[in-house]
Amino acid sequence: MQTGGDNKSKRMEREQGDINTTANRKKYWERNLSGRAREIFEQDNKYFLHQSLSTPVLNVLSKAQGIHIEDLDGNRYIDMHGNGVHNAGFDNPEVIEAIKKQLNEGQAFCPRRYTNIPSVRLAKKLAEIAPGDLCRSLFCPGGSEAIEMAIMLARLVTGNYKTISFWDSYHGTGFGAASISGEELFHGGLGPMVPGSFHVEFPNYYRNPWGFTNPEDVDAECIRQMELILQREPEMAAVIGEPISAKPAIPSKGYWEKVKKLCEQYGSLLIFDEIIEGFGRTGKMFASEHYLVPDILVLGKSLGGGVLPFAGMVTKDRYNTCRHRSIGHYTHEKNPLCAASALAEIAYIEKNKLYEHAARIGEYTLERLNEMKQRYRLIGEVKGLGLHLGIDLVKDQKTKARAVNEAEIIMYKCMERGLAFKTIEGNVITLRPALTIAKKEMDRAIDILDDAIGEVEAGKIY
């Protein structure tokens, strides 16, 4: 028997993605897994620790190349999720060649206390392309660790320890990163988290708790919440958030300008998490270029070239004041192989101006999605910047009740036709393809999505 608490738990589980415990997921497995794929699926199910959003898995892959992933049965999917690592495409030949070259040079690792040419070149490159006066880097294996480093730096620079972040945000796992994340899925059941972690609403002009329709009213209320905490909770080290959220929700420039002013007024640093949005995703090299220069910029995912796990932060020279501490003491801090991969990724993005391509294809895709919105009552809102797009599906356009079951069915119908993506908050379809996607490939993806939404709206369930 399913209780109300179970329903609440499932709603919370869906905040970061589609979950693996639904009846529809079981139908998908029954319809699409057989033979060798079923065998590997069962082994994965047996040997990995089960957790939401992970094991049991969706399918078994054999390849990831360009804009596509491929399963064991040879079915290819245009992948519009990619865990955010595939800005230059999966298995990018120039990235792979750079990695091979570095391996052939006999330096795949660099012990701590030493440096190497690829790592220095990468830090220099980031200083050249990062917004404003961001010029000093620190690297680590993954985004969660990069977030932790940024928080520690803010604490040391300001002498304070508290943070303000946003509800429904995700900044990684680990007690520090999970504490500032605004999703119960990543800290529920763990007991006390890192103290001093405060949360406020993120400006969402379509969905906000107050029913405001004027974006300026939404901004004002979000700023009011933040200022109230800053006034009543001294010792605030940082405000941390994604400049554009993962859904995406796209704040006004004025909102972030007011946040920055509050940070300066109360002696806090502003940290932008661009682990997803960085490296061309939003139509500029960095999403912060749409707004302002933060005090600390956190990068990851595509920094590893879609091949290796790599992340880091870039900050200002005046915050280079912590040489008596060690906040990034990672074995692979200056890994030359990861640095070579990152350099090749950045070079490919720059050479092919993928940020400009993302802006053009994104604008075209938004036009197509808005045309679909006029035809389908299931589509409540479409939103996006560059190739960072979202479709909010609703049962009713007036009440904005989330069409969770419908979104899941649409996802599986699309999977079976060659299009993969992830849902957020149960009903928001997120579209984040490789920035190398061509217009005809995007047209194919949107055609598949159009057909699936049409079928579900017509009552053809899974």
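This is a chat about some local features of a predicted model.

Student: Hi! Let's begin with Asn 24. Which helix is it found in?

Tutor: Asn 24 belongs to helix H2, which covers residues 23-32.

Student: And is Asn 24 buried or exposed?

Tutor: Buried: its relative accessibility is 7%, and the cut-off for buried is under 20%.

Student: What does the side chain of Asn 24 make a polar contact with?

Tutor: With the side chain of Asn 405, at 3.0 Å. Leaving aside residues up to four places away in sequence, Asn 24 touches Asn 405, Glu 408, Ile 409, Tyr 412 and Tyr 462.

Student: Nice. Switching to helix packing: at what angle do H8 and H9 pack?

Tutor: The angle between H8 (residues 215-232) and H9 (residues 253-266) is about 10 degrees, and their axes are 10 Å apart. That makes the two helices, H8 and H9, roughly parallel, because angles under 35 degrees count that way.

Student: Which residues make the contact?

Tutor: H8 contributes Asp 219, Cys 222, Ile 223, Met 226, Glu 227, Leu 230 and Gln 231. From H9 come Tyr 255, Lys 258, Val 259, Leu 262 and Tyr 266.

Student: Cysteines next. How many disulfides does the structure hold?

Tutor: The count is 0 disulfides. Take Cys 110, which is in no disulfide: the nearest cysteine sulfur belongs to Cys 338 and is 12 Å away. A disulfide needs the two sulfur atoms within 2.5 Å.

Student: Is Cys 110 buried or exposed?

Tutor: Cys 110 is buried, at a relative accessible area of 5%. Cys 414 is buried too, with 0% relative accessibility.

Student: What about the backbone? Where are there cis peptide bonds?

Tutor: One joins Thr 55 and Pro 56, with omega about 5 degrees. Another runs from Lys 247 to Pro 248, where omega is near 0 degrees. For context, most peptide bonds are trans.

Student: Where is the place of Pro 56?

Tutor: Pro 56 sits in the loop between helix H3 (35-47) and strand S1 (61-65).

Student: What does Pro 248 touch?

Tutor: Beyond residues up to four places away in sequence, Pro 248 touches Lys 383, Gly 384, His 388, Leu 389 and Gly 390.

Student: Last topic: phi. What is phi of Lys 353 near?

Tutor: Phi of Lys 353 is near 45 degrees, a positive value in a residue other than glycine. Most residues other than glycine have a negative phi. Lys 353 lies in the loop between helix H10 (336-351) and helix H11 (354-375).

Student: And what is phi of Glu 425 near?

Tutor: Near 60 degrees, again a positive value in a residue other than glycine. Glu 425 is in the loop between strand S14 (422-424) and strand S15 (428-431).

Student: Which accessibility class does each have?

Tutor: Lys 353 is partly exposed, at 40% relative accessible area, whereas Glu 425 is buried at 13%.

Note on methods. Residues are numbered from 1 along each chain as its sequence is written. This is a predicted model: local features need pLDDT of at least 70, side-chain atom pairs count only at pLDDT 80 or more; totals for chains, interfaces and linings use all residues. Side-chain values use heavy atoms; hydrogens and water are left out. Helices (H or I, at least four residues) and strands (E, at least two) are DSSP runs, numbered from the N terminus. Buried means under 20% relative accessible area, exposed over 50%, partly exposed in between (1.4 Å probe, protein chains only). A polar contact is a pair of N or O atoms within 3.5 Å; within protein, one must be able to donate a hydrogen and the other to accept it, and residues adjacent in sequence count only if both atoms are side-chain atoms. Contact means heavy atoms within 4.5 Å. Axes are lines fitted to C-alpha atoms, for helices over the stretch in contact, and angles run from 0 to 180 degrees between N-to-C directions. Angles under 35 degrees count as roughly parallel, over 145 as roughly antiparallel, 65 to 115 as roughly perpendicular and the rest as oblique.
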